[in-house]
Amino acid sequence: MAEGFKTDFPSETVKEGKVKAVVPKLDAFVSQPSDYAPSKAPVFYNPVMELNRDISVLAFQAHQRIVNREISICEPLTSSGIRGVRFAAEISRVKKVVVSDISERAVKLAKHNVHLNGLQDRVTVKHKDANCLLSCYGAPRKRFDIVDVDPFGSPVPYLDSAIRALRNNGFLAATATDLAPLCGVHAKACVRKYGGKPLRTEYCHELAVRLLAGCVATVAAKHDISVRVVLSHSTDHYIRVYARISYGAKKADDTVKNQGYILHCFNCFHRETAKNPFAERVEKCPECGSKMNWAGPLWLGKIFDTQFCELMAQENTRVAFRNSGKITKLLALVKDEAEAPATYYVIDKISDKLALPVPSVSAVLQKLRDKGFQAFPTHFNSRGVRTDAPALTVQELLRKAVSIA
Ligand SMILES: C[S@@+](CC[C@H](N)C(=O)[O-])C[C@H]1O[C@@H](n2cnc3c(N)ncnc32)[C@H](O)[C@@H]1O
Ligand SMILES: [Zn+2]
């Protein structure tokens, strides 16, 4: 297959991680500056998602180390196959990778890329609808260790079949690029798809992660499956959630308890979590008395796991990705965030509201720590601060940070 293969569209060979792949030559598909080249090409390919694929390789390798056996992986929306090919080439003890796409051109290209890397003994390319494919692997002993759902837009249409195609102690990764619904620009679409109300706050990307994680947990619970989110991140135009799943009705009951709401005051930026704000009749902001708004139901449980991130960081030292430096920074940030409270303040937003000059994040972090509060930066926003301090205290410390500066 590799020899004499030609695409019927402009293409080029790229190197990513340890593999080579033929992909569309994106420049050829841009006719005006507003064109989004990856979607214009006959087979989808986005070089910006290399970081997403790198992080996936590290996360799946970390999972393989935890289960310590040979593993199988499914990538049901594969496009050029570059992601699945990388999993087979770069993760140790991968015995089988099944990739698939609904597009015939994508399947042809993916098959070529499998051959190009000499991986035909371990990577199978199918031409199937993702849900059909995953359903074929839903029976005991057919299931995968890992399913990676990396679609256009929302992963929700594939979550049920993806979860059913996972064995006990399996691992799910899901990308969502539909940030307009998830971040509250199209709130109705979010309620419809994810089953939770978003809110346009400064920490809407964290809410987006929690809405997706909550949706994964709800879908899993229907099958008596529990979920533990070990990593999530918001990068560029997408969010990504990684979760370990586990069979058992009792554990699934416990998972459901992680669902709840986040209440937000748009006047003073106070926020709090609540299991059931409607029953508890929490309406007024305890700090300033204004009426609060809410997001949810969504995932109030952990969205990062320190040990898992440490394991990934170790794996990151063994590879030489173009993005290794970025990944080191991301993992260092989320490791600290793992133990910090939900939601973060954005310094610039508060400074703007108070009509004050903007202090440095490090000055605000120091002020908070000096007062005995938890204070961490966040990967979600370089101007963000995660703290257990009340909103009015954050405002007061921010004032002090600029008055001394
Ligand atoms: C965002 S792209 C995947 C990118 C790929 N995972 C990567 O890392 O390069 C989404 C792919 O899903 C495919 N697709 C869309 N609907 C599908 C369906 N119902 N079943 C299978 N594939 C589908 C599209 O043809 C497209 O190739
Ligand atoms: Zn308030």
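## Zinc site

Four donors count as tetrahedral if all angles between them lie between 85 and 135 degrees. In this predicted model, the 4 donor atoms around the zinc ion (ligand 2) subtend angles of 101 to 116°, so the arrangement is tetrahedral. For comparison, the ideal angle at a metal with four tetrahedral donors is 109.5 degrees. The donors are the SG atoms of Cys265, Cys268, Cys285 and Cys288, at 2.3 Å.

Along the sequence, these donor residues follow the spacing C-x2-C-x16-C-x2-C. Cys268 belongs to the loop between β10 (259-264) and β11 (271-274), and Cys285 to the loop between α11 (277-280) and β12 (293-299); the pair therefore ties together parts that are 17 residues apart in sequence. Cys268 has a relative accessibility of 3% and counts as buried. Cys285 is also buried, with a relative accessible area of 3%.

## Cysteines and disulfides

A disulfide is a covalent bond between the sulfur atoms of two cysteines. The cut-off applied here is a pair of cysteine sulfur atoms within 2.5 Å, and by this rule the count comes to 0 disulfides.

Two cysteines illustrate the result. For Cys74, the closest cysteine sulfur is that of Cys136, 10 Å away, which is too far for a bond. Cys74 is buried, its relative accessible area being 0%. Cys204 is in no disulfide either, and its nearest cysteine sulfur, in Cys183, is 3.6 Å away. With a relative accessibility of 12%, Cys204 counts as buried, because the limit for that class is under 20%.

## Strand β6 and its neighbours

β6 pairs with strand β3 (residues 71-75), which runs parallel to β6 and is joined to it by 2 bridges. In this pairing Ile73 stands opposite Ile146 of β6.

β6 also pairs with strand β7 (residues 166-176), again in the parallel sense, over 5 bridges. Together with helix α6 (residues 156-164), β6 and β7 make a right-handed β-α-β unit. As a general point on such elements, the side chains in a regular strand alternate between the two faces of the sheet.

Conventions:
Residues are numbered from 1 along each chain as its sequence is written. Chains are lettered from A and ligands numbered from 1 in the order in which they are written. This is a predicted model: local features need pLDDT of at least 70, side-chain atom pairs count only at pLDDT 80 or more; totals for chains, interfaces and linings use all residues. Side-chain values use heavy atoms; hydrogens and water are left out. Donors are N, O and S atoms within 2.8 Å of the metal (3.2 Å for Na, K and Ca); water is not among the atoms, so sites may look incomplete. Four donors count as tetrahedral if all angles lie between 85 and 135 degrees; four count as square planar and six as octahedral if opposite donors are over 155 degrees apart and all others between 65 and 115; anything else is irregular. Helices (H or I, at least four residues) and strands (E, at least two) are DSSP runs, numbered from the N terminus. Buried means under 20% relative accessible area, exposed over 50%, partly exposed in between (1.4 Å probe, protein chains only). Two strands pair if DSSP finds at least two bridges between them. A crossover is right-handed if, with the strands pointing away from the viewer, the path from the first strand over the helix to the second runs clockwise.
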